[in-house]
Amino acid sequence: MKIPERIDLPKILDDRGNLTFVQQNKHIPFRIKRVYWIYDVPGGEFRGSHAFRTTEEFVAALSGSFDVVLHDGRKEYRFSLNRSYYGIYVPNKIWRKLENFSTNSLALILASTDYDDKDYIRDFSEFIKGAMG
Ligand code: TYD
């Protein structure tokens with residue numbers, strides 16, 4: 001079973017500034033089809049609060065900080081992201097919410113599929129029924 005986990009990426013430390021990179025199927029366990037980012041989040045707002053039927057994601061805080069709150073139908077996972085050299089692998093069929101954004105935070109998301117509204121499960125009770133079934 002695929003489980004949410006923190007993934008540390010390579011970190012090339014340099015007096016000129018640090019560098020981190022990510023390669024599909026090497027550092028993260030899927031092929032990247034899509035990249036998007038979330039920014040200018042007003043204080044107190046949250047993003048997400050849905051699950052995906054098939055999409056797997058990797059979420060990183062390129063700037064600032066926020067929390068990734070996940071639910072697999074049984075238990076909740078909470079990860080605080082505040083460095084740009086690691087992120088969270090979010091398997092499909094996991095309820096996911098991003099919250100507690102700091103000022104000027106930048107969330108980078110790598111996704112395994114093209115955008116498709118039909119891949120979203122937006123109703124938590126439907127999600128729980130599927131997770132238990
Ligand atoms: P959504 O994934 O619902 O945002 P969040 O879960 O962070 O609150 O996306 C918000 C809107 O953006 C929605 O109308 C669909 C659109 N969208 C795209 O067109 N392509 C994409 O790749 C993504 C992620 C969103």
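**Notes on the ligand site and selected residues**

1. The side chain of Tyr-120 places an N or O atom 2.5 Å from an oxygen atom of the ligand. This is a polar contact (a pair of N or O atoms within 3.5 Å; within protein, one must be able to donate a hydrogen and the other to accept it, and residues adjacent in sequence count only if both atoms are side-chain atoms). Taken alone, the ligand exposes 530 Å², of which the protein buries 61%. Accessible areas come from the Shrake-Rupley method with a 1.4 Å probe, and for residues only the protein chains shown count as cover.

2. The model is predicted: local features need pLDDT of at least 70 and side-chain atom pairs count only at pLDDT 80 or more, while totals for chains, interfaces and linings use all residues. Residues are numbered from 1 along each chain as its sequence is written, and side-chain values use heavy atoms, with hydrogens and water left out.

3. Two further side chains approach ligand oxygen atoms. For His-50, the distance from a side-chain N or O atom to an oxygen atom of the ligand is 2.5 Å; for Arg-34, a polar side-chain atom lies 2.6 Å from a ligand oxygen.

4. Which residues surround the ligand? They are Arg-34, Tyr-36, Ile-38, Arg-47, Gly-48, His-50, Tyr-115, Tyr-120 and Arg-122, where a residue is near if one of its heavy atoms lies within 4 Å. This shell comprises four nonpolar, two polar and three charged residues. Here Ala, Val, Leu, Ile, Met, Phe, Trp, Tyr, Cys and Pro count as nonpolar, Asp, Glu, Lys and Arg as charged, and the others, Gly among them, as polar.

5. Thr-55 is situated in the loop between S5 and strand S6 (57–63). Strands (E, at least two residues) are DSSP runs, numbered from the N terminus. Is Thr-55 buried or exposed? With a relative accessible area of 1%, Thr-55 is buried; the classes are buried under 20%, exposed over 50% and partly exposed in between (1.4 Å probe, protein chains only). Its side chain makes a polar contact of 2.4 Å with that of Asp-119 and another of 2.7 Å with that of Thr-113.

6. Lys-26, in the loop between strand S3 (19–20) and S4, is exposed, its relative accessible area being 60%. From Lys-26 to Arg-96 the separation is 70 residues in sequence and 24 Å in space, C-alpha to C-alpha.

Notes
Helix = DSSP H or I, 4+ residues; strand = E, 2+ residues; numbered from the N terminus.
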